[in-house]
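Let us read this structure together, one question at a time. Keep the sequence and the 3D view open.

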Amino acid sequence: MRSASSSRNARMQAGVYVHPATHAGAPSGSGLPPYGARLRLRADYPLASLPDEGTRIVARALQKYGMILADGGNIALTAASDQYTTAKWNIVLPSGSTGLAAIHVTDFVMIDGGARIPLTYDCVRTP
């Protein structure tokens, strides 16, 4: 994990986060979503345009339940590595995570996450 002072991300709101996030990096953006923001796939997203039923199932879940924004990287959605489990993503996503690549950040709306918590760097790590 990178320290807060070394993780710059111009896609995240500067100096604040919302729960369930526990911290914010030191991004440079403004007017952007904070770490911990809850996003929901737009209800009018054209599910039929997705490459397979597994990807459409994931998209429907994103429409109903949303997701928590943990990072502001270049890839909007990825399927985590299933290297160490018998539950394989390729069973659900025949196209792999490339099917999810059709869903863009702009296809989501942000759900109000409550009050922004200022980044103070005064947290204490407990063993």
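Q: Which residues is Y17 in contact with, leaving aside its neighbours within four places in sequence?
A: This is a predicted model, where local features need pLDDT of at least 70, side-chain atom pairs count only at pLDDT 80 or more, and totals for chains, interfaces and linings use all residues. Residues are numbered from 1 along each chain as its sequence is written, and side-chain values use heavy atoms, with hydrogens and water left out. Contact means heavy atoms within 4.5 Å. By that rule, the partners of Y17 are T22, H23, A24, P34, Y35, A115, R116, I117 and P118.

Q: Is Y17 buried or exposed?
A: Buried means under 20% relative accessible area, exposed over 50%, and partly exposed in between (1.4 Å probe, protein chains only). Y17 has a relative accessible area of 13%, so Y17 is buried.

Q: How many salt bridges are there?
A: A salt bridge is a side-chain nitrogen of Lys or Arg within 4 Å of a carboxyl oxygen of Asp or Glu. By this rule the count comes to four.

Q: Which residue forms a salt bridge with R42, with the closest N and O atoms 2.9 Å apart?
A: R42 is partly exposed, at 24% relative accessible area. The partner is D107.

Q: What is the N to O distance in the salt bridge of R60 and E53?
A: R60 is partly exposed, at 36% relative accessible area. E53 is partly exposed too, at 38%. Their side chains meet at 2.5 Å.
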